[in-house]
Amino acid sequence: MTESKPAPLTQITSDERLFRDTVRRFAAEQIAPLVRQMDESQHLESGIIRQLFELGLMGIEIPEEYDGAAGTFFEAILAVEELSAVDPSVGVLVDVQNTLCINALVRWATEEQKKKYLPKLASDTIGAYALSEASSGSDAFALQTRAAQKDNGYVLNGQKLWITNAKEAGLYIVFATIDPSAGYRGITAFLVEKDTPGFTLGKKEDKLGIRASSTCELVFRDCFVPIPQILGEPGKGYKIAIETLNEGRIGIGAQMLGLAQGAWNHAARWAKERKQFGKPIVDFQAMQFQLAEMAIDIEAARLLVYNAARLKDGKLDFLKEAAMCKYFASQVAERVASLAVEVYGGSGFVKDYPVEKLYRDAKIGKIYEGTSFMQLATIAKLTLGTK
Ligand SMILES: Cc1cc2nc3c(=O)[nH]c(=O)nc-3n(C[C@H](O)[C@H](O)[C@H](O)COP(=O)(O)OP(=O)(O)OC[C@H]3O[C@@H](n4cnc5c(N)ncnc54)[C@H](O)[C@@H]3O)c2cc1C
């Protein structure tokens with residue numbers, strides 16, 4: 001059998017290009033005019049969310065039989081990249097929906113759960129993914145939210161912290177322990193609907209960046225969740241958490257890649273328009289070299305992100321590549337956004353221009369879905385065989 005030649009990593013199919021261009025146009029025409037307002041009001045416009053559903057971007061990988069777009073993980077990555085080039089807050093909304101929530105349901109939900117939730121997630125319901133707590137972040141499996149068995153279900157008590165999409169969500173994947181003495185083997189994933197008695201939203205965080213994306217505490221006080229709402233098996237939630245986060249990490253890589261590309265686009269445009277010493281600042285070689293170095297960084301991040309996504313779609317090992325792409329793309333985003341502020345000079349430091357926000361937004365890439373140190377720990381383990 002002859003093996004087909006591997007394609008260049010940046011090559012995308014005509015369907016993927018059409019999809020990417022549609023998302024790019026939507027972001028430029030519909031999201032861009034609202035970015036500053038949404039950042040300042042710390043609120044995602046409901047009209048934008050509605051259009052994301054209408055475009056199929058909130059159910060990219062949901063199979064057609066559940067009313068989804070039946071797309072690929074790579075398409076989800078392209079969507080997150082393109083949206084984040086304009087607004088990383090919109091990027092993370094779509095990222096959590098697709099790479100964490102839908103991904104977990106497609107893989108682990110029962111047929112009844114799929115029929116109940118996937119069509120909703122494809123049409124009007126936002127998902128949130130609740131693992132972190134005040135005392136368990138990097139050490140996620142030290143979580144303390146308790147699920148005590150009662151009658152035909154479990155009673156949840158505890159608090160989750162830092163939950164993206166919490167304010168807008170209708171469905172929450174909540175990790176709790178059914179047996180604290182069992183360590184990670186007690187962790188169980190529950191599907192909790194918004195209006196479940198005993199479940200309320202707590203404090204909404206006032207953040208440095210991605211301010212339009214809601215990040216809230218979730219509070220569970222004697223919240224009864226029936227057994228059919230368990231996702232996967234009792235005690236197997238750790239597996240769901242590890243495996244979805246491994247994939248989600250590629251999404252954060254894409255968010256940071258898009259952010260870096262967006263910052264570069266603004267910086268390049270500004271450098272061509274802004275005149276000093278009688279000519280556009282882009283005519284100075286120092287400026288050209290700086291923009292060229294940024295472009296190299298972005299290209300390298302894109303290769304890592306696309307390769308990790310293609311490996312995932314090809315059902316090949318991608319763990320190391322996912323950690324590397326998230327680590328590297330978040331570094332690139334911070335560096336490129338910072339340089340973009342400098343290219344703008346004083347104008348880069350004020351809110352009238354877009355790069356100040358992208359600089360603030362970039363910081364989160366090194367923190368959520370595993371901090372940079374946790375990515376390095378994974379990469380060290382996989383390359384050195386350390387524990
Ligand atoms: C805006 C935002 C949105 C978020 N969204 C979600 C969400 O939707 N769902 C969710 O479940 N969580 C979410 N999180 C939580 C996020 O995943 C955690 O903040 C992150 O995992 C880090 O945990 P921590 O904040 O407790 O920091 P810590 O774990 O306390 O880390 C503090 C520092 O110690 C370092 N550190 C810790 N352990 C080690 C170690 N073993 N070796 C070396 N260094 C170490 C870290 O790298 C970091 O620099 C979100 C957070 C933010 C800020």
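Residues are numbered from 1 along each chain as its sequence is written, and side-chain values use heavy atoms, with hydrogens and water left out. Because the model is predicted, local features need pLDDT of at least 70 and side-chain atom pairs count only at pLDDT 80 or more, while totals for chains, interfaces and linings use all residues.

The ligand sits in the largest pocket (more than half of its atoms lie within 2 Å of the grid points; on a 1 Å grid over the protein atoms alone, a pocket is an open set where a 1.4 Å probe fits, with protein on both sides within 12 Å along at least five of seven lines). Around the ligand stand 17 residues, each with a heavy atom within 4 Å of it; the closest are Tyr129, Ser132, Ser138, Trp162 and Thr371. By class, the shell holds nine nonpolar, six polar and two charged residues, with Gly counted as polar and Tyr and Trp as nonpolar.

Of the 970 Å² of accessible area that the ligand has on its own, the protein covers 64% (Shrake-Rupley method, 1.4 Å probe).

Turning to secondary structure, strand E3 (153-164) and helix H11 (372-384) each supply at least two shell residues (DSSP runs of at least four residues for helices and at least two for strands). E3 gives the largest share, three residues.

E3 is in turn joined to a neighbour: E3 and strand E7 (residues 215-226) pair in the antiparallel sense over nine bridges, where pairing requires at least two DSSP bridges. Within this pairing, Gly153 has Pro226 of E7 as its bridge partner. E7 also pairs with strand E6 (residues 199-204), again antiparallel, over four bridges, and Phe199 stands opposite Phe220 in E7.

Definitions and conventions: 1 Å grid on protein atoms, 1.4 Å probe; cavity = no way out; pocket = protein on both sides within 12 Å on 5 of 7 lines; lining within 4 Å.
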